[in-house]
There are 2 protein chains.
Amino acid sequence: MVKQVVVTGAYGFIGRHVARYLAGQGHRVIGIGHGGWDRAQSQAWGLSTWHTADVTLESLITYAGRPELIVHCAGGASVGFSIERPLQDYQRTVSTTAAVLEFARIHAREAAVVMPSSAAVYGNARALPIAESAPLQPVSPYGEHKRMAENLCRLYSEEFGVATAVVRFFSVYGPGLRKQLLWDACDRLARNEPAQFFGDGAETRDWLHIDDTVALIELAGRQAGSDCPLVNGGTGQAVSVRELLTHLFRLLGRNDDPVFSGGGRNGDPKYYLADIKAAQRWGWNPRVGWREGLQQYVDWFRQGAV
Amino acid sequence: MVKQVVVTGAYGFIGRHVARYLAGQGHRVIGIGHGGWDRAQSQAWGLSTWHTADVTLESLITYAGRPELIVHCAGGASVGFSIERPLQDYQRTVSTTAAVLEFARIHAREAAVVMPSSAAVYGNARALPIAESAPLQPVSPYGEHKRMAENLCRLYSEEFGVATAVVRFFSVYGPGLRKQLLWDACDRLARNEPAQFFGDGAETRDWLHIDDTVALIELAGRQAGSDCPLVNGGTGQAVSVRELLTHLFRLLGRNDDPVFSGGGRNGDPKYYLADIKAAQRWGWNPRVGWREGLQQYVDWFRQGAV
């Protein structure tokens with residue numbers, strides 16, 4: 001059955017992949033957000049229409065039609081930005097969520113709202129792997145704002161019966177991601193720049209491939225309800241930054257090892273590892289292992305990162 | 001020493017009393033918010049200037065000068081309104097707080113920010129009296145938004161060193177309050193309208209007089225710091241709605257007793273009683289008992305509620 005879908009922040013890395021995936025399943029996908037696409041480009045990413053606009057109640061009323069699914073990918077996308085510009089990060093993450101939920105409450109009662117959240121809501125975890133019930137102690141405006149957006153989802157579900165679902169994603173990556181550790185590393189190695197990295201290399205991340213991410217978001221749309229179900233999105237496997245980068249060095253033909261500055265970075269917890277039993281109970285499982293995903297990423301980068 | 005003070009929401013019940021109190025101590029008080037005061041009226045409430053404007057970063061930059069104290073009284077003021085208009089309540093409570101904190105971070109580094117929050121953040125308490133460490137489970141958008149605003153205060157303190165303090169007020173009342181239970185009861189009795197009340201009368205509230213409220217806010221301004229101290233504002237005495245209204249009936253010369261509908265009201269927890277030890281450790285104590293305060297209120301009402 002063809003669904004009407006709205007993807008906010010469809011220009012972003014997760015948003016565009018969600019749009020293309022859902023369009024590929026035959027759904028009609030409208031995108032709202034910021035980003036310099038022309039019509040051909042937005043269509044190539046699966047959008048029937050792309051509206052360059054802030055995500056507000058007014059723009060949703062104007063452009064969103066009567067969706068049956070809203071994937072709310074708009075929001076702050078970087079811990080560093082949230083420290084530099086906390087009010088903007090608040091507006092991007094929290095106020096857009098308030099607008100999406102109000103739109104669903106009044107104008108799209110049948111819509112399921114899926115919000116990709118972040119493991120940053122946990123902050124420095126006391127125990128690994130991190131289950132959804134772990135204490136929430138974000139250590140950055142980015143994480144705090146994601147927590148506030150989650151609270152709005154739960155509020156609109158409990159108070160007004162809006163169908164919502166939240167997925168706390170760990171480190172999402174894949175071909176097309178032009179920021180964060182993998183991009184920076186590939187970019188600097190390609191330029192033969194000195195490749196010294198933050199931290200001591202012992203930090204762990206749980207790397208989830210974009211294909212698995214999109215599949216989990218689509219499933220969350222079907223699980224959404226007035227109980228606001230919430231699951232982690234990760235693989236359940238921790239990879240240290242040293243191990244990841246060393247592997248990346250080899251794939252790029254380097255025989256030396258990554259060097260670490262030793263210092264940490266503000267707002268970045270040291271260890272991340274997802275407990276993914278809740279998402280598995282939905283019938284989802286990650287399929288792309290990190291080595292396979294890293295090979296894909298390097299292939300994409302070497303082909304000119306298009 | 002004369003301080004530059006900004007009171008947001010200065011037209012509201014708490015805001016105007018805060019403004020008048022601080023002006024009476026010799027401080028220069030600027031007000032920003034909505035409300036139909038002419039110049040003489042705003043001056044009578046202690047304001048050197050009154051700016052009718054949304055509380056945004058832009059309006060604060062334009063009107064607030066370089067305050068040493070910001071009392072952020074702007075915000076949603078009713079559980080019922082927050083259920084009817086949740087997005088507006090969010091904007092009034094959360095987004096104004098984000099703006100005030102960003103203003104303090106960038107333009108008023110020396111300012112202390114005091115935010116009057118609400119016992120509504122606790123929701124239905126599991127144990128009485130309610131200490132600040134009690135779980136936060138708000139049962140209305142009003143309470144959830146207050147919790148989010150508190151989280152922003154803590155975020156700006158921890159992340160950026162902004163000096164903040166939060167006071168969770170229970171049932172603030174006093175002459176001049178033209179809403180909520182006391183006003184409704186006086187108003188209906190004066191009109192000889194049938195006086196049936198929500199609930200069963202066994203609900204308890206912790207009634208804090210506006211004079212004690214204002215003194216606690218002023219003290220919170222001196223306690224504010226980058227640890228974002230947070231205290232309850234109440235008397236530590238629970239009064240049932242039945243007891244309060246029966247007393248009110250007598251003060252108004254009625255010999256009958258209040259009648260209750262039996263039904264609860266959405267978003268209103270049944271029992272409230274503050275643990276006030278934390279505020280007492282600051283050296284504050286409530287001075288006006290509820291019977292004395294109720295007499296004052298009735299006197300004000302009988303004199304025409306001016």
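## Exercises on a two-chain predicted model

In this predicted model, the area buried between chain B and chain A is about 2,000 Å², and carbon and sulfur atoms give 62% of that area.

**Exercise 1. Describe the interface of chain B and chain A: how many residues are in contact, which residues of chain B lose the most area, and how many salt bridges cross it.**

Step 1. Start with the contacts. On the chain B side 28 residues take part, and they touch 28 residues of chain A.

Step 2. Look at the chain B side by area. Leu87(B), Tyr90(B) and Glu159(B) lose the most area to chain A, and together they account for 24% of what that side buries.

**Exercise 2. Determine whether α6(A) and α6(B) are roughly parallel or roughly antiparallel to each other, and sort their contact residues by class.**

Step 1. Take the geometry. Helix α6 of chain A and helix α6 of chain B, residues 141–160 in each, pack at an angle of about 175°, and their axes are 11 Å apart.

Step 2. Apply the cut-off. Angles over 145 degrees count as roughly antiparallel, and α6(A) and α6(B) are therefore roughly antiparallel to each other.

Step 3. List the residues. Those of α6(A) that meet α6(B) include Pro141(A), His145(A), Met148(A), Leu152(A) and Phe160(A); among those on the α6(B) side are Pro141(B), Arg147(B), Asn151(B), Leu155(B) and Glu159(B).

Step 4. Sort by class. The contact of α6(A) with α6(B) has ten nonpolar, four polar and eight charged residues.

**Exercise 3. Work out the strand order of the open sheet in chain A, say which strands stand at its edges, and place the helices α5 and α6 of chain A against its strands.**

Step 1. Read the order. The seven strands of chain A are arranged β3-β2-β1-β4-β5-β6-β11, with parallel pairing.

Step 2. Find the edges. β3 (47–52) and β11 (230–233) of chain A each have a single partner strand, so one side of each is left without a neighbour in the sheet. From one strand to the next the twist averages 20°.

Step 3. Strand β6 (residues 163–169) of chain A pairs with β11(A) over four bridges in the parallel sense, and Arg168(A) stands opposite Asn232(A) in β11(A).

Step 4. α6(A) lies across β5, β6 and β11 of chain A and runs at about 155° to β5(A).

Step 5. Look within α5 of chain A. The side chains of Arg105(A) and Glu102(A) form a salt bridge, 3.1 Å from N to O. Arg105(A) and Glu102(A) are three residues apart in this helix, about one turn.

**Exercise 4. Describe the open sheet of chain B and name the strands that α1 and α5 of chain B lie across.**

Step 1. Read the order. Chain B has an open sheet of seven strands, β3-β2-β1-β4-β5-β6-β11, with parallel pairing.

Step 2. Strands β4 (residues 69–72) and β5 (residues 112–118) of chain B run parallel and are joined by three bridges. Ile70(B) stands opposite Val113(B) in β5(B).

Step 3. Place the helices. Helix α1 (residues 13–24) of chain B lies across β1, β2, β3 and β4 of chain B, at about 170° to β1(B). Helix α5 of chain B lies across β1, β4, β5 and β6 of chain B, at about 175° to β4(B).

Definitions and conventions: Residues numbered from 1 in each chain as written. Chains lettered and ligands numbered in written order. Predicted model: local features only at pLDDT ≥ 70, side-chain atom pairs only at ≥ 80, totals over all residues. Heavy atoms only, no water. Axes fitted to C-alpha atoms, helices over the stretch in contact; angles between N-to-C directions. Helix = DSSP H or I, 4+ residues; strand = E, 2+ residues; numbered from the N terminus. Parallel < 35°, antiparallel > 145°, perpendicular 65-115°, else oblique. Contact = heavy atoms within 4.5 Å. Nonpolar A, V, L, I, M, F, W, Y, C, P; charged D, E, K, R; others polar. Pairing = 2+ DSSP bridges. Buried area = accessible area lost by both parts, 1.4 Å probe. Salt bridge = Lys/Arg side-chain N within 4 Å of Asp/Glu carboxyl O.
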